[in-house]
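Work through the exercises below with the sequence and the 3D view open beside you. Try each task on your own before you read its solution.

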There are 2 protein chains.
Amino acid sequence: MTPHMPREHRQRHAPPGEVPPMSAEDVAAIEAVLGYEFADKSLVELALTHGSFYFPYRPGDTYERLEYLGDGVLTCLMSREVFRNYRTLPPGPLTRLRAANVDTEKLARVAIDRGLHRFLRHKAPKLQDQIYSFIEEMRKYPVHSNGLLDPPKVLCDIVESLIGAIYWDSNFDQEEVWRVFRTLADPLIGLETLGKHPVTELFEFCQKTHRGVKFVKDEWDKSLKVEVLIDGELVASATYGQKKEIAQNRAAKAALDKLKETLGQTQSESASADVSEALDELDIAGTLKCQ
Amino acid sequence: MTPHMPREHRQRHAPPGEVPPMSAEDVAAIEAVLGYEFADKSLVELALTHGSFYFPYRPGDTYERLEYLGDGVLTCLMSREVFRNYRTLPPGPLTRLRAANVDTEKLARVAIDRGLHRFLRHKAPKLQDQIYSFIEEMRKYPVHSNGLLDPPKVLCDIVESLIGAIYWDSNFDQEEVWRVFRTLADPLIGLETLGKHPVTELFEFCQKTHRGVKFVKDEWDKSLKVEVLIDGELVASATYGQKKEIAQNRAAKAALDKLKETLGQTQSESASADVSEALDELDIAGTLKCQ
């Protein structure tokens, strides 16, 4: 009962000596991080093998199928966790809580925090740069950046594939999977640490303070710059490579910072009750700090 | 350990006699359909109570939270099922197979086929009309319409909420949930019965036969008509209330039918090998029937 070709078969295709298998020491180190001992040790290697590792590409020898399985079981277990912990919360916030704990950034942070990225088997030099740059950036946000960072998907993938491997190896023991994940992902994001996306926050703030907000993106501009207009006035802008969503989130965050600064200065004197209240909420949400 | 207020408490708010609880006969009939006996019978009533049933709305007394839980466990179990059944299939088709078995139409069909819709508790007359019209329409497609129908979400919801109720009631016994769902949803959609969405099929067909295809929607036209242009020529169009996606699927299907008819007539004489091959594939996909 293995989800892939047996190791002997897989290795027959690789020139001898060129693609060494994962060492027993590495397997043991990964098992120690997970707190789980695999019956089928070859699953550890498979769960950490990226598509770029073999040339030509060998679809049966990458973590992709295990990642798919891991994603499924994590969705279920996080649904159950928030369902149990928040007995009266409606489905909307339950879904946001579940998503926050199994999204790309949260799982990428888990991979880094537990050192799992050191065992990734790949042959894509660009990946390494992306990982280093994410490690540097993620330190700025203790819990989650809420859409301001662009975490390398591969980091999330290997957490999901290891979880999928445990689900398979343990003969689908969801309690064992949960025990491992609960420890790996500690602390889970709860209602009190769940941040808001800056775009949502900006819209809510502007609605509360009766301001009109508009995001503008010049489709002809190759840099994909996103601008934020508030009451028709340019307040902030951001660019981020080819990813419009991240540029938009960063522009919204910059606009919130600016609003906060400008309004904060006049709050005690002339700001309306609406503005004061909206500013207080921004503080509570923890996304903005008083200057 | 119940996910909602106990029945006595819930009923205190309802005028006596006006909102009768689900009868013991109905509960037993539903248990018989599911092949599962609930420890907490009040979950059956909860899983079948739509938001419209109580006025004013009582968020703790609707199936919404159970539906959320059921969705999570079904995602996991269908992932596992296709992962086990298709040992070498890549994640893309695995995801399509999973989605096909837990999507709104598949689960709505399950609700109708098993007669679960008869137990739905709601006060929204429009829902009843939508259900009747879906029952009539679904008969035209023995397995799945692949985007041509607009199934009432409430039908899918009650299957998910009953599954969530079993997951909770059985103290999270995924094997018990799977046993129930496997029987309820029989036959599951497999690779051999997995249809293609007409839009995908039309794009693939046109690519293979070197035709340019374009969907056009007049944003000023309130009827939301979608037109299909092939090599710049209007071939088909469709409208569907306010749902553009369904109009687009139906327009694509109409265009495929027309292409099939036109090309089929000349196939044996003058059509190129590309066209013959593409036509054969359309037959295999089972979406179109020879005229």
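**Exercise 1.** How many residue pairs are in polar contact across the interface of chain B and chain A?

*Solution.* Begin with the ground rules: this is a predicted model, in which local features need pLDDT of at least 70 and side-chain atom pairs count only at pLDDT 80 or more, while totals for chains, interfaces and linings use all residues. Residues are numbered from 1 along each chain as its sequence is written, chains are lettered from A and ligands numbered from 1 in the order in which they are written, and side-chain values use heavy atoms, with hydrogens and water left out. A polar contact is a pair of N or O atoms within 3.5 Å; within protein, one must be able to donate a hydrogen and the other to accept it, and residues adjacent in sequence count only if both atoms are side-chain atoms. By this rule there are 14 residue pairs in polar contact between chain B and chain A, both residues being at pLDDT 80 or more.

**Exercise 2.** Describe the area that chain B and chain A bury between them, and say which residues of chain B lose the most.

*Solution.* Buried area is the accessible area (1.4 Å probe) that two parts lose on being put together, summed over both. For chain B and chain A it comes to about 2,800 Å², of which 63% lies on carbon and sulfur atoms. On the side of chain B, the residues that lose the most area to chain A are B:Arg65, B:Tyr68 and B:Phe83, which together make up 32% of what that side buries.

**Exercise 3.** Is B:Phe172 buried or exposed?

*Solution.* Buried means under 20% relative accessible area, exposed over 50%, and partly exposed in between (1.4 Å probe, protein chains only). With a relative accessible area of 5%, B:Phe172 is buried; its phi is positive, about 65°, although it is not a glycine. A:Asn171, also not a glycine, has a positive phi of about 55°, and its relative accessible area of 52% makes A:Asn171 exposed.
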